[in-house]
Every structure is written in C-alpha cells, then in structure tokens.
Amino acid sequence: MNRRTDEGPVTIYDVARRADVSVASVSNFLNWPERVSVAMKARISDAIAELGFVPSLAARQLRGHRSGIVGASFVNASNPYFGGITTAVEKLAAANGLAVVVGSSHESPAQQRRFLDLFEQLRFDGVVVAPSDDDLEPLRRQRDRGTPIVLVDHEDPEHRLSSVSLDHREGGRLAAQHLLDAGRRRLIFAAGPAGVRQVARRIDGCRDAVRQTPGVHLEIVRALDLDVADGTGVGQRIAELPPARRPDAVVAGNDLHAIGIVAALTAAGVRVPDDIAVVGYDDIPFAAVAAVPLTTVRQPIAEIGTAAARLLLDEIAEPGLKPRDVVLAPELVVRASA
C-alpha cells in the first residue's frame, strides 16, 4: 500500500512533483517505459522509491492495460495433484510476467461460480479451471465476454473452451489390466462421489479390461471424498469382511484414497499386496515414499499444468484464438502395492 503523506495516499502527482517532471512523464514511465529517457527513468524511479508509491491496478485496467494476474479455480488446491498443476502454471506464468491467484471450489459449483465472477470483476487476464461439474455454459459465456479460459482435467464437448485432459478410460484399463495379469479376480473400484466424470471414465476403463477376462467380479464402492480419511474408511470396511468375501485387489480413485486404504488394511493385519493388491491414480510425490510404495497410474502433472498455462498465454496474446484440446496419455508405474 502507498505510504501516506499529510494529504493522503501517495499519488502519481506526488511522484511527478518529487521527480520534477510532468504527470504524463510518470504515466509513460509506468505504462510505456520505452518512451522515457534513461535519465528521466532514474529520477522517477528514485521518487517512487522515496515516496513508497504503488501504481493503482484499477487505474491501469481503466487505461486498457491487462491486470498481470491470472486466476485458477481447482476442485481442491491442497490435493498434491492440483498443487503440482498450480506449480507448473505459476512457473510459466511468472516467466511471462504474470502472477497467479488460486481458489479451491471443493466440488461446489456455487463456490466455483463465486471465484470466476470475482476473477472477471477484477479483470484477470485469464483463468485456468478444473470444473466442479459438467455445466460449462457459464464458462463459455465468460469466454465469449472476453476472458480467456482453459479447462484442466476436463474437455468441452462443444469445443468452445480450450482444454488439457487425460485419457482416463485408458488409465482405468491400465490399472485393472495390471491386476488381472497378476491373477487377481475379485476387484473393487474405490470411488468417490458419483458424478465425477474423470472417475467415471476410469471405472469404464476397468470394466473394459474385466470384460475381456472370464470369471472376474468388479464391485464399485463409494466414499464421500477421495482423500486419505475416506480411503481409510474404505480400507477398514474391507478389512472387517470375512477373508473369503474380501476382494483380492483394489483400484483407488486417486493416490490419497489409495494411501488411506493401504494404511487401514495394514493396520488390520491384511498384507498388501499378498492378500490384497492396491493400485492408485495420479502418482503424487507421496506415492513413491508411502509405507508400501504405491503402484499407480501416473498423470503427467507438470506437463498438464504447463500445457494449460501455454494455452492460456496464447489466448491472452491473441484474443479470439480458436480453442484447442490437448489430450495426454496415462502411464502405469509399478511399485510394491500391486
């Protein structure tokens, strides 16, 4: 915040007086520095430092300049998967002179809408969104009004929004096929709430693999969330089953869920993977260093974030650019849990 003078906050007029230049010269220094001589730049820079002047973002926007800020709305920014995407977006944004403001919608379309409305009101230069639901029309309308928007882990069936997504059906198939190849025949898919499109596609992929192998039983088990706590609850319920009724393999909705499942099974004396094999999804950093290193389906997290940021930067630089879709391939990473 600008330091206060006797008459109020420091203004561009105070800077001009201290530097003994015109207000127009200070404006040029702030907005079109190439128009200002080296000597004048030094005088104005010294005056700004002495007075503690901070340019007004609102005034800059009113003059038709970009804010220098992009927004990101993720389902849960504390999840290491989204944290990794955020890091990649921030890295490329910073290299292009932009800051990133991140909000978590926590699966709430209303919360996501509040973030996006705020980002638009503040005239952010663009937004990266991991949608909380399948209703993309508000996002399409916002893009039509001039805000570049890129979807993460989702795609627009109408192709009006750029997107970066993964082939989740193939990811689910890879996880199940690995278990089937190891001789597992009683599978559980430990899913979160119904309606999460990405998880639904992973379930479809599991079913694709199961259909190709006779004598396999696949059961879908729901939890309230895909975090460690809910995974622990799923693991405890599995451990409480009589051994003859237990599955011999679990595909988890994500790695956090899988880590909770493995912890609960191990605490109950169920051996992983000897009694029950567990496969996660995402390959977050914790997966490799868990008590039982996690076999998982890797999403290229840094590549997803970098691709999303690059698409956004292109749309910011070239308004009206035709939306593009980037689809990345998953990869099975085999460790000790399956």
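1. Helix 5 and helix 13 are oblique to each other. Their axes cross at roughly 45°. The axes come within 7 Å. The crossing is right-handed. Keep in mind that this is a predicted model.

2. Look next at who makes the contact. Helix 5 brings Tyr81, Gly84, Ile85, Ala88, Val89 and Leu92. Helix 13, which covers residues 301-317, brings Ile301, Ala302, Ile304, Gly305, Thr306, Ala309, Arg310 and Leu313. Pick out Tyr81, Gly84, Ala88 and Leu92 on the helix 5 side, and follow them along the helix. An α-helix has 3.6 residues a turn, so residues three or four places apart point the same way.

3. Now take helix 5 by itself. Helix 5 runs over residues 80-95 and has 16 residues. From its first C-alpha to its last, helix 5 reaches 22 Å. This is close to the 22 Å expected at 1.5 Å a residue.

4. Which residues of helix 5 are buried? They are Pro80, Tyr81, Phe82, Ile85, Thr86, Ala88, Val89, Leu92 and Ala93. Tyr81, Ile85, Ala88, Val89 and Leu92 are among these buried residues, and they also take part in the contact with helix 13.

5. Check both ends of helix 5. After the helix comes Gly97. The phi of Gly97 is positive, near 75°.

6. Asp20 has a phi near 60°, a positive value in a residue other than glycine. Asp153 also has a positive phi, near 60°, and is likewise not a glycine. Asp20 sits in the loop between helix 1 (12-19) and helix 2 (23-31). Asp153 sits in the loop between strand 6 (149-152) and strand 7 (162-166).

7. Are these aspartates buried or exposed? Asp20 has a relative accessible area of 63%, so Asp20 is exposed. The cut-off for exposed is over 50%. Asp153 has a relative accessible area of 7%, so Asp153 is buried. The cut-off for buried is under 20%.

8. One more backbone point. What kind of peptide bond joins Val272 and Pro273? The bond is cis, with omega about 15°. Find Pro273 in the loop between helix 11 (255-267) and strand 11 (277-282).

Conventions:
Residues numbered from 1 in each chain as written. Predicted model: local features only at pLDDT ≥ 70, side-chain atom pairs only at ≥ 80, totals over all residues. Heavy atoms only, no water. Helix = DSSP H or I, 4+ residues; strand = E, 2+ residues; numbered from the N terminus. Expected span 1.5 Å × (residues − 1). Buried < 20%, exposed > 50% of the residue type's maximum accessible area, 1.4 Å probe, protein only. Axes fitted to C-alpha atoms, helices over the stretch in contact; angles between N-to-C directions. Parallel < 35°, antiparallel > 145°, perpendicular 65-115°, else oblique. Left-handed = near helix turned anticlockwise from the far one by under 90°. Contact = heavy atoms within 4.5 Å.
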